[in-house]
2 protein chains.
Amino acid sequence: MFSLQRNLLFAVIPVFLCSSIQADDPLPSWNETSPKHRLIQYVKDSTTEGESFIPVEERIAVFDNDGTLWPENPLPFQLIFAIDEIRRLAPSHPEWKEDKLVQAVLKGDVKTLKESGRKGLGKLLAMTHTGITTVEFETRVQNWLKTAKHPRFDRPYNELGYQPMLELLAYLRANGFQTWIVSGGGVDFMRVWTEEAYGIPRNQIVGSVGKTHFEMRDGTPVLIKDPEIDFVDDKAGKPVAIHRQIGRRPRGAFGNSDGDYEMLQWTTIGHAPSIGLIVHHTDADREYAYDKAPKSSGKLIKGLEDAAKRNWIVVDMKKDWKRVFSAE
Amino acid sequence: MFSLQRNLLFAVIPVFLCSSIQADDPLPSWNETSPKHRLIQYVKDSTTEGESFIPVEERIAVFDNDGTLWPENPLPFQLIFAIDEIRRLAPSHPEWKEDKLVQAVLKGDVKTLKESGRKGLGKLLAMTHTGITTVEFETRVQNWLKTAKHPRFDRPYNELGYQPMLELLAYLRANGFQTWIVSGGGVDFMRVWTEEAYGIPRNQIVGSVGKTHFEMRDGTPVLIKDPEIDFVDDKAGKPVAIHRQIGRRPRGAFGNSDGDYEMLQWTTIGHAPSIGLIVHHTDADREYAYDKAPKSSGKLIKGLEDAAKRNWIVVDMKKDWKRVFSAE
């Protein structure tokens, strides 16, 4: 019995140490700079009786996705998915042979793709995201995630969540916060992998939405994804969508671009206690560096200008993050 | 010390008995008829390892509101709110003196109101629900609930939840189900009182939605309710809205009219294990009796026709419910 107890004791010690480390440092991938200290102070204040205490039902934190929780380069990942899908589907669509946009995709002709603008983008999304059931679409995204890899980081896209942000999500949840995604990305695209990648359940995803209609097909109910866009969850649309789905003003907003500006305003202005945070992409070595003139999405001008006045935290990725991605 | 312990003992016994009764009978306001037994069997099967087990994340139950959780007579309560608001606001709107619809409301001229149809209804809703901030609207609903009483039952509207359904909501939640409202009523109207009345939080309300826009007003962010309707959450719209906000097919659907038919299909057909239930209003003495030709909303024809084939439970309010409302 003695040796069993000794073994037990040795088995318990590492667990104890680990949880003790975690309790001491809930954000181990953050450097000991101001953003980390402010985040920890905010969570402590929110959960301690006093004037900055937040009742549990009001602990709502909203996170943009592209550029805030995972990268948005070389292109937003949903667009890479659409391009990969055009390539996969082209052989079974002989009628696409005449289509200049499809040909540009197949040839990797980025110039033509860029010139096609929003209209071209919308067309690529319609060709790959609609005319199918919601179940078929989910299967397509799942299959893509199993095989596709990011061209620079050589990992599946859903393993590219920023490690410091994953820690922040878990830290907030451990302190009674609901974590929500509020992204310009498509809801149906995100839902497939957010639970596993971020610990965020399917009903806490707010995003852009395409029209969908219900029908009975061979005696079975289906939802068909239609080509019309119903709602674009960006800029002033974000507070509207937050109101519609969450029904409360959040107490924390986390973004990286001017598409998140109104969400930051709605969360923080005249609404204390609250916190606003902007991830500033400053790290070309480990990830990407952009703000005023990004290569794809993620323009950040107003947010940087107003951050000091609004007391929003600006995270300098290079300076404030120990690592960007998890160790493999 | 002995007497203190004795007192403690006596204090504990009633609590113990109560919780024992509750555990034995989670649905005390339901008669011992088939619906009650099927509901209990469903919950037992859902939570017991076996072929009808439902993982916790899939335990989603959706409830229509008007006629399912509270009455919809003499008119849907949101419409009564709109009429009461017209009366309250009329003195400060001299321009309404020329308006035939407003005059019909003020005179209680039901014939003119009915003849105005959907267009008239939309106008009344726009006059009382829009052009104001979401915060102002919420205050209006709160104030109305404090003073208005149902003409027949003489209680505040938010105290008219059907007692058997309140027990069912609590029973499902106690067994790990998320309970959601999926109603044709307005989301902003419902959210004000659903948490207290039903135990359903603000972010689990799916309903009809008006357009809203964000703006900065005197340096403060506000959402303004606009007159345009964005989405009507009825009939084939219900599965669409469920997909958008919940992102999973429910495992239980509870309704009372053909407006819930597609939601029942989406929940149950080809999607076992699941349960569908229709509240049939058969009790003119204690509540109302209607199906094919209701006085206001709540037409039920297809649901009754197909219930047996689909194995949906039909609740006969008169026969299956011991009481309709809580004892005062």
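**Domains, chains and salt bridges in a predicted model**

Lys238(A) is buried, and Asp260(A) is buried as well, where buried means under 20% relative accessible area, exposed means over 50%, and partly exposed covers the range in between (1.4 Å probe, protein chains only). The structure is a predicted model, in which local features need pLDDT of at least 70 and side-chain atom pairs count only at pLDDT 80 or more, while totals for chains, interfaces and linings use all residues. Residues are numbered from 1 along each chain as its sequence is written, chains are lettered from A and ligands numbered from 1 in the order in which they are written, and side-chain values use heavy atoms, with hydrogens and water left out.

The side chains of Lys238(A) and Asp260(A) form a salt bridge, with N and O 2.7 Å apart; the term stands for a side-chain nitrogen of Lys or Arg within 4 Å of a carboxyl oxygen of Asp or Glu. Lys238(A) belongs to helix H11 of chain A, whereas Asp260(A) sits in the loop between strand S5 (252-255) and H12 of chain A, so the pair ties together parts that are 22 residues apart in sequence. Helices (H or I, at least four residues) and strands (E, at least two) are DSSP runs, numbered from the N terminus.

Over all chains, the rule gives 40 salt bridges. One of them joins Arg87(A) to Asp84(A), whose closest N and O atoms are 3.6 Å apart. Both residues lie in helix H3 (residues 77-89) of chain A, three residues apart, which is about one turn of the helix. Arg87(A) is partly exposed, at a relative accessible area of 41%, and Asp84(A) is partly exposed too, at 24%. In chain B, Lys235(B) is bridged to Asp234(B), with 3.5 Å between the closest N and O atoms. Here Lys235(B) is partly exposed at 44% relative accessibility, and Asp234(B) is partly exposed with a relative accessible area of 28%. A network of salt bridges links Asp25(A), Glu32(A) and Lys36(A).

The next step is to look at how chain A is divided. Its domain assignment gives domain 1 (31-71 + 160-320) and domain 2 (77-147), with bounds that come from an automatic or database domain assignment. Taken over C-alpha atoms, the centres of the two domains of chain A are 27 Å apart. Contact, meaning heavy atoms within 4.5 Å, involves 19 residues of domain 1 of chain A and 18 residues of domain 2 of chain A. The size of an interface is often given as the accessible area lost when the parts come together. For these two domains of chain A the buried area is about 1,500 Å², with 70% of it on carbon and sulfur atoms; buried area is the accessible area (1.4 Å probe) that two parts lose on being put together, summed over both. On the side of domain 1 of chain A, Phe189(A), Val192(A) and Lys225(A) lose the most area to domain 2 of chain A, together 44% of what that side buries.

One salt bridge is found across this domain interface. In the salt bridge between Glu138(A) and Arg202(A), the N to O distance is 3.0 Å. Strand S2 (178-186), helix H9 (187-191), strand S3 (205-217) and strand S4 (220-231) of chain A each give two or more residues to the side of domain 1 that touches domain 2. The largest share of that side, six residues, comes from S4(A).

What do chain A and chain B bury between them? The two chains bury about 3,200 Å², 56% of it on carbon and sulfur atoms. Phe214(A), His243(A) and Arg244(A) supply 24% of the area that chain A buries against chain B, more than any other three residues. The contact takes in 34 residues of chain A and 34 residues of chain B. Four salt bridges are found across this interface, and Arg244(A) also meets Asp230(B) in a salt bridge with an N to O distance of 3.0 Å.

Ile269(B) lies in the loop between helix H11 (261-268) and strand S6 (275-282) of chain B and is buried, with a relative accessible area of 9%. Leaving out residues up to four places away in sequence, Ile269(B) touches Met216(A), Gly219(A), Pro221(A), Arg249(B), Leu264(B) and Arg310(B). Ile269(B) and Arg310(B) are 41 residues apart in sequence, while their C-alpha atoms are 7.6 Å apart in space.
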